[in-house]
Amino acid sequence: MNIELLDKPLLAIDAELTIAFLTKDSLESHEASALLKRAGFKADQDQICTLHEQRLIVCGIEKMGTDHLRSAAASVARTIANFAYKSAKVQQYFLKNSASIVEGFILGSYAYQQYKSKPKSATLETLYLASDCFNDEVIAFSELEESVNSAIIVANATNYTRDLVNTTPQDMNPQDMCDVAQKLSDENGLSCHVLDENALEAEKMNAILSVGRASIHKPRLIHVSYKPENPKATISLVGKGLTYDSGGLSLKPATSMVTMKMDKAGACAVLGMLKAVSELGLPVEVHGFIGAAENMVDGSAYKPDDVLKARNGTTIEVRNTDAEGRLVLADVLSYAQDTVKSDFIFDYATLTGACLVALGPYTTGMMGHNNHLKHKFQKATGNSGELTGSLPFNDHLKKLIKSEIADVCNIGSKPYGGAITAALFLDHFINDDMKSKWLHFDIAGPAYTESICDVNPHGGTGAGVRTSVSFIKSLV
Ligand code: BES
Ligand code: ZN
Ligand code: ZN
């Protein structure tokens, strides 16, 4: 589908269908008001009414805000997909909202059909955005174009991440993830370096190696970098890439194992961020580090009671093999810090069920030592359409991961504050000079959904991509 922003009023654009977003107030003055009301349209948020004879589709919005429009645009996109219209035009009210309408449309149009024997092809070919203005805002058309183009890139990168997350474990093992990273690097002018199991051995990365040992697909560490000329900052992005998490010997119950293909969502988000940042041509050096492994069971599996020595020399008492993500990240975080000197290091991981309990399934848990950086992140990403909540560290919780026989234990001794104790475990692998530059994002809740919500379809959501690209943009 093409999206075209035209420097023309709505009436001058020829399209098969008109899309309008209406609040309860604007419904009153709309030319089709009587017809819409007769059909029971109340302009509730995301409520759709299609008047085919008028070639009009309207969607209700609570108010003219970016979040409401983004969600409404996604609803419209999902509805239009059921019809045969080839072109549609959007009536714009406030031009400053153009980007969120575009995002909603692209994200809402997404459908993962890789495993369908008869995939449905989309009929809509072009979506036009008109430039009528309903208030006295003055936005140069070139500026508008830039924000729309940027929204297209970021939304497509989010869909790319969704595709990767949705790929099943038989089609996405750690080596497949390397191939994906290499392909992205070839297409987008990035460099890609892979550490196989022998290289991981040479780097003394016993934590990631132990997690992946019982799988026939051995672990990999993938380093993808985007290096523009004269960068304004350097950022390292680390992703948990468990291509499958069975729990290992601390085996997950059958129902919890379903959806664990999504345990690679952090890694997939990092690849999506690199795709977006390179296509936007942002003057920020970005390094992606992915720990790819499969947590499985066989006679060689690592065990509760094992003590592992991680790359940075820290010894870890394993008390639960299902708390494997933090072990993978331990080695990858250590490698990332020693390989690239960066201004920020962020990690993304579907790390704990506890984060879902703490914040609910829609919100990413953000943790770190630097409150100023957390605020900076919240401020830069507030309009991205993703939710982030901060979970605070404290010294009491720190004590819960003390080990009697090793330096640290991979689970807390009490079941409370599990998202925070997981982050405090990661803190053992953050060098002193990077403590204030590190943020950990637990995306266990928002990375995957089994019910359509907002701009998200069933499956991978691409969580992390939009917020992080907004943050990286804010560094420029
Ligand atoms: N990948 C899971 C976390 C997860 C749970 C992600 C639900 C998405 C949805 C992680 O590896 C895990 O199993 N964590 C354990 C930790 C526990 C053993 C301390 C958990 O959350 O139960
Ligand atoms: Zn696990
Ligand atoms: Zn996991």
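**Cavities, aromatic pairs and charged contacts in a predicted model**

By class, four nonpolar, four polar and one charged residues make up the lining of the largest cavity; here Ala, Val, Leu, Ile, Met, Phe, Trp, Tyr, Cys and Pro count as nonpolar, Asp, Glu, Lys and Arg as charged, and the others, Gly among them, as polar. The structure is a predicted model, in which local features need pLDDT of at least 70 and side-chain atom pairs count only at pLDDT 80 or more, while totals for chains, interfaces and linings use all residues. Residues are numbered from 1 along each chain as its sequence is written, chains are lettered from A and ligands numbered from 1 in the order in which they are written, and side-chain values use heavy atoms, with hydrogens and water left out.

The residues that line this largest cavity are Tyr 348, Thr 364, Phe 377, Glu 386, Thr 388, Phe 441, Ile 443, Gly 464 and Thr 467. A cavity is a set of points, on a 1 Å grid over the protein atoms alone, where a 1.4 Å probe fits but cannot get out, and lining residues have an atom within 4 Å of a point. The space in the largest cavity is about 50 Å³, a volume being the space filled by probe spheres set on the points, which are joined across faces, edges and corners. Two cavities of 30 Å³ or more are found in the whole structure.

Aromatic pairs number 13, where rings of Phe, Tyr and Trp (its six-membered ring) pair if their centres lie within 6.5 Å, and planes under 30 degrees apart count as stacked, over 60 as edge-to-face and the rest as tilted. Phe 346 and Phe 441 form an edge-to-face pair, with 5.6 Å between centres and 70° between planes. Because Phe 346 belongs to strand 13 (residues 344-349) and Phe 441 to strand 17 (residues 438-442), the pair ties together parts that are 95 residues apart in sequence; strands (E, at least two residues) and helices (H or I, at least four) are DSSP runs numbered from the N terminus. Phe 346 and Phe 441 are both buried, a term for under 20% relative accessible area, with exposed meaning over 50% and partly exposed in between (1.4 Å probe, protein chains only). A tilted pair is formed by Phe 425 and Phe 429, at 5.3 Å centre to centre and 45° between the planes, and both of these residues are buried. Ring pairs also link Phe 344, Phe 346, Tyr 348, Phe 377, Phe 441 and Phe 471 into a cluster.

The charged end of Lys 275 sits over the ring of Tyr 160, 5.4 Å from its centre, the criterion being NZ of Lys or CZ of Arg within 6 Å of the ring centre and within 35 degrees of the ring normal. Lys 275 also forms a salt bridge with Glu 279, the closest N and O atoms being 3.0 Å apart; a salt bridge is a side-chain nitrogen of Lys or Arg within 4 Å of a carboxyl oxygen of Asp or Glu. Both residues lie in helix 10 (residues 265-280), four residues apart. Lys 275 is buried, at 15% relative accessible area, whereas Glu 279 is partly exposed at 34%. Salt bridges with shared partners join Asp 67, Arg 70, Glu 103 and Arg 466 into one network.

Definitions and conventions. 1 Å grid on protein atoms, 1.4 Å probe; cavity = no way out; pocket = protein on both sides within 12 Å on 5 of 7 lines; lining within 4 Å.
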